[in-house]
Amino acid sequence: MNETIHRYKDRAREYWTTRSRHQQLFILGGLLLIIVLIGVIIFFSIRTNYAPLYNDLPVEETGQIKETLDSRGIPSEVTADGTAILVPRESVDQLKVELAAEGIPQSGSIGYEDFQDQLGFGMTENEFSVMEKATLETELSNLMQSVDGVSLAEVMITLPEETVWVSDQPEEASASIVLTLDGGYQLEQGNVQALYHLASRSIPHLPEENIMIADNQANQYHYEDQGAIDGTRQTYDQQREISRDIENDLQQQLQQMLGTMMGQHRVMVSVTTDIDFTQESREEELIEPVDEDSMEGIEISAESITETYEGEELPEEGVAGTGEDDIANYPGAAAGGDGDYERIEERVNNDVNRIHRHIQESPYRLRDLGIQVVVEPPDPEDMLSLPADTVEDIESILETVVSTSIDETYLEEIDDGEIRDKIFVSAQPFMNNMEEEEPESAGIPAWVYILGIAILAAIVAIIFIMRRNRYNIDEEDFEDERVNLEDIPEEDVSVEGEQRKRLERLAREKPEEFSKLLRTWLSED
């Protein structure tokens, strides 16, 4: 390989040195031109031609669309100060349909570069409006035909007329669309939503309620709020997931516990639940006594007032209770006798417990629970081989699980007999276990022996063939190198005769050394 490379290298060097300088420059120029042409062809072949996807977008929505395209691995460019986004030209129509099905964009308009190419000088305003309307209808029709199942779309748009008068309510556009569907195809709601979004985002000032879509069979397709549908679906999925988690947890616990008692392959457990997902949130303002037995509160303050008075006979002059040392508003003693007075007053302020509760109920409560257990008896052919005490123990365990799992609110309405009705224990043979036990009782399967004998026979045959081939090769080599001893005289007392006898004996007794000797003689010759 190296000699070939050196040979071609020498030929190239010889060819190059025999050329004149002009010929060398011409060859170098030709090679450089070929390299440049190849580079230009590669550049234009791998260059991506971009076309507008959406125009007049808010910067925030442009970022969201850019992030969506990047997550899908689609190259894109942002232009016009972040209000327009460009994508590869061959992907424009497909992306418009896919993003419209997801409700993208929420604002902005779809770009129509072909309409701009048709603009020219001298075009009147009416001609411009007619061309704009026709272009919008044509482009929207082409977009809708990209949706699965739509073979033809006829679009009629009514654009609002511009006016110099100021109005509180802006004029809105309207659109009527007639679809021709593929044979036997029914539009799904997702495709209908995509068509509405395509029309609404393609035409300025065109809300969904001003769009009418029908097919050639006069079937109308109405716009539905996908957000509400998705919210209901999400709630259902969450509730279904909670139900499955509860059922799986109970089933695994019971399977493990009963499997330890009876054997993992001899017990099958099934759990069904009824869950109340009604959620309640309330606030409570409670006032309760501190001591519920005496219905009294806690003493926070106390006041005790005691007044006493003892009086003598007053003189005749003067008015009782009006002197400087007398008690105000206290009646004077009657003339002609003694008097006394005593007043005791106690004031105690008690306070009670004021409780403010904000109660958030659990998002779900287990309303009902059913457990079904199938046990294989020790003797699958005898259903009575399963002891009744074992069945009662299993039922007791299941009753405890049911009574502790159901919410207390619903458990109060259930009697003990109803709890037992929610449990079912049955003794049945398992077909899989019966099929698996047959090979174990028969010992090692017969196919194992057959396979072992076949492998052993194959190994013996391979060894025999290898040894036979090796023996044939050695025999052929020996026959090629063996000297024809029949031509040697049987009795020769000369020196040559002795050498021939030795060679004959060597060939009989030690053929390997004899063959080596012959090879040596042949190599010397």
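How many aromatic pairs does the count come to? The count comes to one aromatic pair. The model shown here is predicted.

**View 1. Phenylalanine 277 and tyrosine 364 form an aromatic pair.** The pair is tilted. Phenylalanine 277 sits in the loop between β9 (267-276) and β10 (281-288). Tyrosine 364 sits in the loop between β13 (353-360) and β14 (365-375). The pair therefore ties together parts that are 87 residues apart in sequence. Phenylalanine 277 is partly exposed, at 21% relative accessibility. Tyrosine 364 is partly exposed too, with a relative accessible area of 32%.

**View 2. Glutamate 376 and arginine 266 form a salt bridge.** Their closest N and O atoms are 3.0 Å apart. Glutamate 376 lies in the loop between β14 and α9 (388-405), and arginine 266 in the loop between α8 and β9, so the bridge ties together parts that are 110 residues apart in sequence. Glutamate 376 is buried, with a relative accessible area of 1%. Arginine 266 counts as partly exposed, at 24%. The search of the whole structure finds 13 salt bridges.

**View 3. A salt bridge joins arginine 367 and aspartate 274.** Here the closest N and O atoms are 3.3 Å apart. Arginine 367 belongs to strand β14 and aspartate 274 to strand β9. The two residues are 93 residues apart, so this pair links distant parts of the chain. Arginine 367 is partly exposed at 32% relative accessibility. Aspartate 274 is partly exposed at 34%.

**View 4. Arginine 343 and glutamate 345 meet in a salt bridge.** The N to O distance is 3.0 Å. Arginine 343 is partly exposed at 29% relative accessibility, and glutamate 345 is partly exposed at 24%. Shared partners join Glu307, Arg343, Glu345 and Arg347 into one network of salt bridges.

**View 5. Glutamate 247 is buried yet has no salt bridge.** This residue lies in helix α8 (residues 226-262). Which side chain of opposite charge is nearest to glutamate 247? That is arginine 240, 4.8 Å away. A salt bridge needs the nitrogen within 4 Å of a carboxyl oxygen. Glutamate 247 does make a polar contact of 3.0 Å with the side chain of threonine 273. Leaving out residues up to four places away in sequence, glutamate 247 touches Val271, Thr272 and Thr273.

**View 6. Residues 25-46 are 100% helix.** The end C-alpha atoms of this span lie 32 Å apart. An unreviewed UniProt entry places the feature "transmembrane region" at residues 25-46 and 446-466.

Note on methods: Residues numbered from 1 in each chain as written. Predicted model: local features only at pLDDT ≥ 70, side-chain atom pairs only at ≥ 80, totals over all residues. Heavy atoms only, no water. Phe/Tyr/Trp six-rings, centres within 6.5 Å; stacked < 30°, edge-to-face > 60°. Helix = DSSP H or I, 4+ residues; strand = E, 2+ residues; numbered from the N terminus. Buried < 20%, exposed > 50% of the residue type's maximum accessible area, 1.4 Å probe, protein only. UniProt positions renumbered as here; feature names shortened; annotations may be inferred. Lys, Arg positive; Asp, Glu negative; His and termini not counted. Polar contact = N/O pair within 3.5 Å; in protein donor to acceptor, adjacent residues only side chain to side chain. Contact = heavy atoms within 4.5 Å.
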